[in-house]
Amino acid sequence: MTSLTPLAAQIATDLGTGLASEQKSAEVTDWAARVGWLVGLALFIALVYWLMREGWKWRGTLQGDLPELPVVPSEPGAARLTMSGRYHGSTTAGQWLDRIVAHGLGTRSRVELTLTDAGLDVVRPGAADFFVPRERLREARLDKGIAGKVLSEGGLLVVTWEHGDKLIDSGFRSDHAAEHNEWVDTLNHLTDKSSDIDQSSDTEGAR
């Protein structure tokens, strides 16, 4: 019996070594699979990002005929309303998914809005500012989505304005959503007055 003890010990040692080798091999195989999966995922994300960027550039090229954005006049007048919030993008009026990206209009950003008798001043930190002259303002309304961004019902202030030969919807959300109704009322009142002024000018010109 005693002669079998060294043999049994050797067998146990061999079995232990074999199991350890198999476990180590399995661990190496698992790591290789994980690394391969992560590399594949990274390549897929990079491809999606590249396709999105190319689509963005292509859309900008198609919108190359859009004129440069107006700038704020030297004397815009006293502020009627001011608002701090976010700019969520611009689209062709009435088509909430037809995003406009030319001249930086597709860049979402923080925004400071100021409404005066001269028009709407849109200041965007880190993005292009622009100004909508009063005579180019068409209407304002509450909505829930623009440029692929969906918010709660009435959570978005949408301003429709004319630029070149195109009607544009621009979406804004105030840091205090309760302000939206006052902005809609004031903007629509201002555009009604602008229409009256335009009609009076046309009548006088006809005379």
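This is a predicted model: local features need pLDDT of at least 70, side-chain atom pairs count only at pLDDT 80 or more; totals for chains, interfaces and linings use all residues.
Which residues does Arg138 touch, not counting residues up to four places away in sequence?

Residues are numbered from 1 along each chain as its sequence is written, and side-chain values use heavy atoms, with hydrogens and water left out.

Let me begin with confidence. pLDDT is the predictor's confidence in each residue, from 0 to 100. The protein chain has a mean pLDDT of 79, with 69% of its residues at 70 or more. Helices (H or I, at least four residues) and strands (E, at least two) are DSSP runs, numbered from the N terminus. Over residues 199–207 pLDDT stays under 50, and the model has zero contacts there beyond four places in sequence; contact means heavy atoms within 4.5 Å.

Now to the sheet. Seven strands form an open, antiparallel sheet in the order β4-β3-β2-β1-β9-β8-β5. Two strands are taken to pair if DSSP finds at least two bridges between them. At the edges stand β4 (130–133) and β5 (137–143), each with a single partner strand, so one side of each is left without a neighbour in the sheet. Neighbouring strands are turned by 30 degrees against each other on average, direction ignored; the axes are lines fitted to C-alpha atoms, for helices over the stretch in contact, and angles run from 0 to 180 degrees between N-to-C directions.

Strand β9 (residues 166–174) pairs with β8 (residues 156–163) over seven bridges, and β1 and β9 also pair over seven bridges. Residues of β9 include Ile168, opposite Trp161, Asp169, opposite Thr160, and Arg173, the bridge partner of Arg86. In the hairpin of β8 and β9, with two residues between the strands, Gly164 takes a positive phi near 65 degrees.

Next, the interior. A nonpolar core is a set of buried Ala, Val, Leu, Ile, Met, Phe, Trp, Tyr and Cys residues joined through side-chain atoms within 4.5 Å. Buried means under 20% relative accessible area, exposed over 50%, and partly exposed in between (1.4 Å probe, protein chains only). The largest core has 26 residues, and Leu113, Leu115, Leu120, Phe130, Leu137, Phe172 and Trp183 touch the most other members. Helix α2 gives the most to this core, with four residues. A second, separate core of five residues includes Ile146, Ala147, Leu151 and Val158.

Thr116 lies in strand β2 and, at 3% relative accessibility, counts as buried. Its side chain reaches the backbone oxygen of Pro76 at 3.0 Å, and a polar atom of that side chain lies 3.1 Å from the backbone nitrogen of Ala118.

Finally, Arg138, in strand β5, is partly exposed at 36%. Arg138 touches Thr160, Trp161, Glu162, Leu167 and Thr191, not counting residues up to four places away in sequence. The side chain of Arg138 makes a polar contact with that of Glu162 at 2.4 Å; a polar contact is a pair of N or O atoms within 3.5 Å, where within protein one must be able to donate a hydrogen and the other to accept it, and residues adjacent in sequence count only if both atoms are side-chain atoms. The Arg138 side chain also reaches the backbone oxygen of Glu135 at 2.8 Å.
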